[in-house]
Amino acid sequence: MKYILLAAIIFSIAMYSCGNSSQNNQGKNADTMLESAPSGEILFNQNCKVCHSLNAAASSGMAPVLDSVKTHWIDKNALASFIKNASENKNVNAHTTALFAEWQSKPQMPPFMGFTDKEVIAIAEYLYQHAN
Ligand code: HEC
């Protein structure tokens, strides 16, 4: 009888520690999910779509249609910097100067300083994939 009790105790301890380690694994998985690259599409839909369209037929008239980003922004990092702070990049090249002149009568593009580098790069990649 003593042995059965002892065996039961050992069994319970073993189950408890297994339960614990699987909880730890779950914690790790959640962390990994948070660290994985955010979806450029989701970030675009949440922050940009209110003004920008990816195709001319669906333009809001509020902001340039982003269907030719690849032509104007060959450098992905330059595009990411622009997305983070457009007004600071107003005169980085002839294209941006002309763009601001063209859209000056509309509400200007707000800064998105809260984005991490990973997030703006994800948005830039999304735009490259969907622009001509
Ligand atoms: C309030 C409207 C508004 C929002 C929101 C907005 N933009 Fe803009 N965006 C503009 C305007 C207007 C311009 C033209 C420059 C200017 O006058 O500010 C522009 C310019 C751009 C350009 C340059 C286009 C070209 O032809 O080179 C890119 C790229 C861009 N925006 C991306 C984004 C992204 C990505 C987001 C979301 C993170 C965003 N914008 C959010 C209004 C907006």
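Tutor: Buried means under 20% relative accessible area. Keep in mind that this is a predicted model.

Student: Are Trp73 and Phe82 buried or exposed?

Tutor: Trp73 and Phe82 form a tilted aromatic pair, 4.9 Å centre to centre, with 50 degrees between the planes. Together with Phe100 they form one aromatic cluster. As for accessibility, both Trp73 and Phe82 are buried.

Student: Which arrangement do Phe112 and Phe115 form as an aromatic pair?

Tutor: Their centres lie 5.4 Å apart, and 10 degrees separate the planes. Planes under 30 degrees apart count as stacked. So by that cut-off, the Phe112 and Phe115 pair is stacked.

Student: What geometry does the site of the iron atom of the ligand have?

Tutor: His52 (NE2) and Met109 (SD) are its protein donors, lying 1.9 to 2.2 Å from the iron atom. The site has six donor atoms, with angles of 83 to 178 degrees among them. Ideal angles for six octahedral donors are 90 or 180 degrees. The site is octahedral.

Student: How many residues apart in sequence are the parts that His52 and Met109 tie together?

Tutor: His52 lies in the loop between helix H2 (40-47) and helix H3 (69-72). Met109 lies in the loop between helix H5 (94-102) and helix H6 (117-130). The pair therefore ties together parts at a sequence separation of 57 residues.

Student: Which element gives the most to the largest nonpolar core?

Tutor: This core has 24 residues, and Phe44, Val69, Leu79, Ile83 and Leu127 touch the most other members. H2, helix H4 (76-84), H5 and H6 each give two or more residues. With six residues, the top contributor is H6.

Notes:
Residues numbered from 1 in each chain as written. Predicted model: local features only at pLDDT ≥ 70, side-chain atom pairs only at ≥ 80, totals over all residues. Heavy atoms only, no water. Donors = N, O, S within 2.8 Å, 3.2 Å for Na, K, Ca; no water. Tetrahedral: all angles 85-135°; square planar, octahedral: opposite > 155°, others 65-115°. Helix = DSSP H or I, 4+ residues; strand = E, 2+ residues; numbered from the N terminus. Core = buried A, V, L, I, M, F, W, Y, C linked by side-chain atoms within 4.5 Å. Buried < 20%, exposed > 50% of the residue type's maximum accessible area, 1.4 Å probe, protein only. Phe/Tyr/Trp six-rings, centres within 6.5 Å; stacked < 30°, edge-to-face > 60°.
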